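Good morning, and thank you for joining.

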Amino acid sequence: MSMKLGCRQVLVISSANVVKEIMKSHDVVFSGRPSLVSLQKLSYNGLDIAFSSYNDLWREMRKVSTLHLFSLKQAQSFRPVRENEVSKMIKKIAKDASMSRITNLSEMMMMLTSNIICSVALGKSIGYEGFEYRRFFDLFNDVQGILTGFFVSDYFPLFGWIDKISGMNAKLEKIFRELDAFYEEVIREHLDSNRPKSMEGDILDLVLGLTRDGLSSITLTMDHIKALLMNIIVGGTDAIAAVVVWAMTVLLKNPTIMKKVQAEIRQLGKKDLISENEISNLPYLRAVVKETLRLYPPAPLLVPRETLAKCTINGYEIEPKTLVHINAWAIGRDPEFWEKPNEFLPQRFLESDIDIRGHDPAVIPFGIGRRGCPGTVMGMAATELALANLLHTFDWELPPGMKEEDIDFDVLPG
Ligand code: HEM
């Protein structure tokens, strides 16, 4: 579907066949990112990877971060951090359960992923309550909200004054200032010669080393570093939490599948923690995660794209600078590619080797092509580990009085 709103043409892609054509013939043309108000502001005018235009800076940032921050080796080196944080979460839930307290899983998962990302990226755990945790949690919740918020000027550039009157500009400015102060603080802590040992080799430490050790051909300024931190914190925290919460929700709705996946995991025996090494022995659990990502991609419209040149798709001419939303949610349910597309059937991923990391046009939770997600390994590792342990240790049920048909599958922005 395509429409012209004011000065900007907008294209929404909801068919896997169109994605296939883009992947095959137009990947570069679709590799731009639009200059949207909130993305620009929070990325220090595109000095990051995720919201930067398709240019030399992006190429270099993407290259060095793929090599030094997101490599398989690097992702594996953070394994003890993930296991330690998942173990703490399991103990916290066990304590709540022993006192017959209800677990709010969405909140618990945001706590877990905030702690994993803070430990991996900033070398510190922020705990599950208290000032450090609350500050981080509230701040990045606001960031998610503003990144998906509606700015009139993004679609009707001549009506930017409405964003002033509605208070959106002021809200963005406030969040930006708080974020900037947060980054300043963690960077200062890392540059302090008396910093704790846990900060050695964390992602911020590696980022600071890119320029110091001559690993990057561009000199990264403080603004580049802050913008990169934003990508890592925002990219990691919310998406991983969302996948686990969706998986648990859909399993509660499908108790037979819940029992089957628990039986697989519990075959490993009674233990305090299922480790990441053991996940490869759990094909059905991995299929459950993939099927969840197909039906409930945490970024249903991916991250917006912008076309870099004119091109023709399915006989339609697409103008340069068209704003493109790729509807991963609809594509994962495309009836041309999927049998019983709306049913939760993890089995389908056991019977085929469909790749969900951006190589198959019909399931694209991590995006596609050169702008696809570089954090796939870290994201999948944390998701599978958290889900395996939640299902191994506890039996789950809905809150008293709630039935399977009462489960709310509606989504909210952010
Ligand atoms: C389950 C977890 C995750 C999901 C589902 C996810 C999903 C996505 C999606 C849909 C995009 C946009 C891709 C496109 O435009 O085609 C993206 C981009 C990105 N993600 Fe992730 N992500 C996850 C985890 C992570 C993690 C853990 C990190 C970093 C530590 C990360 C860093 C990034 C970055 C930097 C980009 C921008 C890439 C670019 O524009 O070149 N993501 N991710």
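I shall speak about the iron site, then the helix packing, and then the nonpolar core.

This is a predicted model, in which local features need pLDDT of at least 70, side-chain atom pairs count only at pLDDT 80 or more, and totals for chains, interfaces and linings use all residues. Residues are numbered from 1 along each chain as its sequence is written, and side-chain values use heavy atoms, with hydrogens and water left out.

Which protein residue is the donor to the iron atom of the ligand? It is Cys373, through SG, 2.3 Å away, the single donor from the protein; donors are N, O and S atoms within 2.8 Å of the metal (3.2 Å for Na, K and Ca), and water is not among the atoms, so sites may look incomplete. Cys373 lies in the loop between helices H16 (347–350) and H17 (376–393). Helices here are DSSP runs (H or I) of at least four residues, numbered from the N terminus.

Helix H17 packs on H12, residues 222–253: their axes, lines fitted to C-alpha atoms over the stretch in contact, come within 9 Å. The two cross at roughly 35°, with angles running from 0 to 180 degrees between N-to-C directions. Among the residues that meet, with heavy atoms within 4.5 Å, are Val244 and Met248 in H12 and Leu390 in H17.

Finally, the largest nonpolar core has 131 residues. Such a core is a set of buried Ala, Val, Leu, Ile, Met, Phe, Trp, Tyr and Cys residues joined through side-chain atoms within 4.5 Å, buried meaning under 20% relative accessible area (1.4 Å probe, protein chains only). H12 gives the most to this core, 19 residues. Leu390 is one of the residues with the most contacts inside the core.

Conventions
Buried < 20%, exposed > 50% of the residue type's maximum accessible area, 1.4 Å probe, protein only.
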